[in-house]
Amino acid sequence: MIKTLLANTVEVDDIDIALQDILTQLNLGKNLRKNSLGIIHCRDDFIESGVVRAICDRLPFPVLGMNTILNSSSLGLLDNTLLTVSVLTSDSVNFAVGLSDPLTEGRATPLSKMYVEAENLLPRRPVFMFLYCGVYDYSALGEHVLKHLDDFSDGVPVFGSLPADYSVELRSPKIIYNGIAYSDRAAVVLVEGRITPVFSVRNVPLWRGIQRRAVVTSSSGNVIREVNGLPVIEFLESLGLCWYGQITGHNIIPIFVDRNDGNPPVVRVVHSQTRDDHILLTGDVPEGSTLGFGALDEREVISAVASLGVSMKKLYSDVFFVYSCISRNLALGLDYMAEMERFNTVAERKLPYVFSYSSGEFCPTLEADGSLVNRYHNMSLTSLAF
């Protein structure tokens, strides 16, 4: 069994007040058990002001997490500037944490070292792991990191997120490891014990895509140069997705990528447009892949999160983690708190949960044969209960 402790604060400037807020709510002297772990979500302001470092220094256990534009919890406070600490504490469940070396000069070796060192701290194979990874370039980073970890762990289920520090574009996304913020590393928590995690993914439904399909005729990695033999920008203009040679609303346009490899299509979004008028997606797109283009609106976002809240109330779990893609928030327009508000209403504050926005989601999917397969998602609503 795992006990969940939650605390939050809106005090971003005064470190002493922020510490008092968090420590008073957690009441560690009364609630802490043998093994504990902290997971933190906050705006970047809390990192810059030193509040994150001070909180992590005072907590007597490892703390991981990330910065994000918005987060909330079952404590019910909804605010533009919020830091939330969730503490998982147990007498029977073990946690092992790891931080990679920088991934900028290669990913396989630092990720392997991180995983092996963390796994060696556990008495048995982990049941699942949390994964947080910094965002430092415009490659298919999340997809590649997950593939390496999946290979090293032999398929241990992975749940987690890329940080989502966002305005009109990604600003300074960072992961947090024991109070220090990193933009170019990954961190994991391996969880071992008699627990049964329950994962769910709500993707943009395929029926929301237009029927017209296109074939990638020139690409390299996650860079698309030509579609249907046309320069990619020219092709997108034919769909009304470009204006004067610039992609419009690229963060809220779901692109269904079918790599024709036997796996179902995945949703990806446009990272950016290059000076050569190529586009960079959030996942690799081999030549010959088939593309479909869709739409995401407020009704779909709110319907999905309400459905998740109803489903979660049927589970008897110690904690729920929910990650919603930042693209779903952008689709809400000016009513940017609507998704969190709806989830809080449906959950009725009876579920111990943490909700945060993400710029890429790690969550296993259930295959037809009943097995779990690790996937990297975009524009998705993912959850973990255990």
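Author: Contact here means heavy atoms within 4.5 Å. The model is a predicted one.

Reader: Which residues does A186 touch, not counting residues up to four places away in sequence?

Author: A186 touches G98, L99, S100, L103, L111, M114, L131, Y132, C133 and I175. A186 sits in strand β11, residues 186–192.

Reader: How far apart are A186 and G134, in sequence and in space?

Author: In sequence, A186 and G134 are 52 residues apart. Their C-alpha atoms are 6.1 Å apart in space.

Reader: Which residues of helix α4 are buried, and what do they pack against?

Author: Helix α4 covers residues 51–58. Its buried residues are V51, V52, A54, I55 and C56. The cut-off is again under 20% relative accessible area. These residues pack against helices α1 (15–26) and α3 (44–49). They also pack against strands β2 (35–42), β3 (63–67), β5 (83–90) and β9 (175–177).

Reader: What describes two packed helices?

Author: Two packed helices are described by the angle between their axes and the distance between the axes.

Reader: What are those values for α8 and α10?

Author: Helix α8 spans residues 298–312, and helix α10 spans residues 338–347. Their axes come within 9 Å and cross at roughly 25°. Angles under 35 degrees count as roughly parallel. Therefore α8 is roughly parallel to α10. The crossing is right-handed.

Reader: Which residues in α8 and α10 meet?

Author: From α8 come E298, V301, I302, V305, A306, L308, G309, V310 and M312. From α10 come A338, E339, R342, F343 and V346. The residues of this contact divide into 10 nonpolar, 1 polar and 3 charged. G309 is one of the residues meeting α10, and Gly counts as polar.

Reader: How many helices and strands are in the protein chain?

Author: The protein chain has 10 helices and 27 strands.

Reader: What makes the protein chain as compact as a globular protein of that length?

Author: The radius of gyration is 20 Å. The globule rule gives 21 Å for 386 residues. The two values are close, so the chain is as compact as a globular protein of that length. Its C-alpha atoms fill a box of roughly 65 × 45 × 40 Å along the principal axes.

Reader: What share of the 386 residues counts as buried?

Author: The share is 57%.

Reader: Among contacts between residues at least 6 apart in sequence, what share joins residues at least 24 apart?

Author: Of those contacts in the protein chain, 79% join residues at least 24 apart.

Note on methods: Residues numbered from 1 in each chain as written. Predicted model: local features only at pLDDT ≥ 70, side-chain atom pairs only at ≥ 80, totals over all residues. Heavy atoms only, no water. Axes fitted to C-alpha atoms, helices over the stretch in contact; angles between N-to-C directions. Helix = DSSP H or I, 4+ residues; strand = E, 2+ residues; numbered from the N terminus. Parallel < 35°, antiparallel > 145°, perpendicular 65-115°, else oblique. Left-handed = near helix turned anticlockwise from the far one by under 90°. Rg over C-alpha atoms; globule rule 2.2 N^0.38 Å. Buried < 20%, exposed > 50% of the residue type's maximum accessible area, 1.4 Å probe, protein only.
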